[in-house]
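Student: I'm new to this one. Could you walk me through how to read its features?

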Amino acid sequence: MNKQDMSRASEQDVFVVADNIYSPLGKTTAENFQNLKNNVSGVQLHNDDSLSPTPLFASIFSKDTQFITCGNGYTKFEQLLIASLSDVLILSGIDPEDKKTVLIISTTKGNISLLETETNSSELQNRVALTTSAKLVAKHFGFSNRPVIISNACISGIMSIITGMRLLRSARYETAVIVGADVISRFIVSGFQSFQALSVQACKPFDKDRNGLNLGEGAAAIVLSTNKKFKKNIKVKGGSVSNDANHISGPSRTGKELGHAIEQALRDANLIAGDVGFISAHGTATVYNDEMEANAIGLTGLQSVPLNSLKGYYGHTLGAAGLIESVISIHSLKENWIIPTLGFDKTGVTTPVNVCTSPMHIDTTNFLKTASGFGGCNAAVVFGK
């Protein structure tokens with residue numbers, strides 16, 4: 001046994017205790033998973049001038065959605081975080097006041113939409129700050145420890161899981177409560193429109209006719225623990241983060257850097273490529289992301305492994321994406337059932353990958369979740385039985 005193997009052997013296992021997804025497809029993970037199995041998508045055509053001057057394909061909540069009963073003082077973003085956390089804390093039975101419990105919050109934009117409706121001032125700047133939202137949410141539930149904020153573009157959700165895993169392995173905490181959310185606003189829509197990154201139709205991940213992504217909003221929460229009473233649960237086995245240092249928005253063309261994150265995640269989990277049963281890809285349906293991701297998958301010897309993208313159901317939920325897609329894949333692993341890639345028809349990437357096009361039963365032990373984002377950030381995490 002080498003030094004790395006000895007070090008890994010001494011680390012504590014990290015178990016998934018409970019989870020929640022709160023999206024236009026449902027308020028619980030069970031509702032979301034059932035809708036996916038029924039091939040129901042949240043992505044619809046919207047004509048809403050408050051979001052876009054042109055029609056927009058997106059997965060967004062109806063305007064009359066009530067997230068929590070006592071929402072006064074909380075923004076839509078914060079209400080989403082609270083709604084998802086409320087369910088997962090009930091399911092897990094975790095005590096937020098326990099000193100061995102840490103809260104981790106993932107988002108890319110937070111309350112950025114307030115810049116559209118409020119006059120710029122020091123008060124507004126404080127209200128928009130992610131630290132303000134984190135403190136409000138932590139106080140709502142009575143978390144004793146200072147919350148950790150993860151905001152690293154579109155890998156934020158995966159990075160929050162990896163951060164939680166590492167904090168638990170270090171034995172600083174016994175439980176990590178992780179939640180992520182983002183809401184769609186005109187500010188966000190116009191930003192993606194300026195990059196010409198939005199599709200004028202329902203998105204088509206990895207397809208030859210893909211031409212952009214659909215945006216989505218939602219939240220997800222997951223509780224991780226090193227407590228051995230959860231030893232029969234799914235584990236977070238390993239994870240890694242890398243960066244292309246390529247471009248402010250465009251990903252690396254080679255995929256080597258995401259490939260490096262995948263290799264490191266597998267090494268961290270003491271696994272090899274042959275141990276991966278399926279891949280939950282980032283799969284945004286933009287021309288360059290899917291090409292890069294396919295290259296990375298090919299470089300790591302995973303091109304024949306069944307793969308799906310859930311963006312056709314949820315759109316791109318930004319800071320919640322990695323969490324939502326991880327939770328769905330955890331339940332896919334439990335049920336040995338892979339959700340197909342909605343919108344995919346014919347391969348449109350240079351390095352062919354095994355895109356799942358219909359519901360697939362599979363008997364496997366591990367899956368890989370990948371993500372990439374603006375600034376060249378990449379992340380990969382491995383879950384397993």
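Tutor: Strands (E, at least two residues) and helices (H or I, at least four) are DSSP runs, numbered from the N terminus. Two strands pair if DSSP finds at least two bridges between them. This is a predicted model, where local features need pLDDT of at least 70, side-chain atom pairs count only at pLDDT 80 or more, and totals for chains, interfaces and linings use all residues. Residues are numbered from 1 along each chain as its sequence is written, and side-chain values use heavy atoms, leaving out hydrogens and water.

Student: How many helices and strands does the protein chain have?

Tutor: The protein chain has 12 helices and 16 strands.

Student: And what holds a sheet together?

Tutor: Strands of a sheet pair through backbone hydrogen bonds, either parallel or antiparallel.

Student: In which sense do strand 2 and strand 3 pair?

Tutor: Antiparallel, over three bridges, with strand 3 covering residues 56–59. Across that pairing, Q44 sits opposite A58 in strand 3.

Student: What share of the residues is buried?

Tutor: Buried means under 20% relative accessible area (1.4 Å probe, protein chains only). Of the 385 residues of the protein chain, 59% count as buried.

Student: What about contacts between residues at least 6 apart in sequence?

Tutor: A contact means heavy atoms within 4.5 Å. Among those contacts in the protein chain, 79% join residues at least 24 apart.

Notes. Buried means under 20% relative accessible area, exposed over 50%, partly exposed in between (1.4 Å probe, protein chains only).
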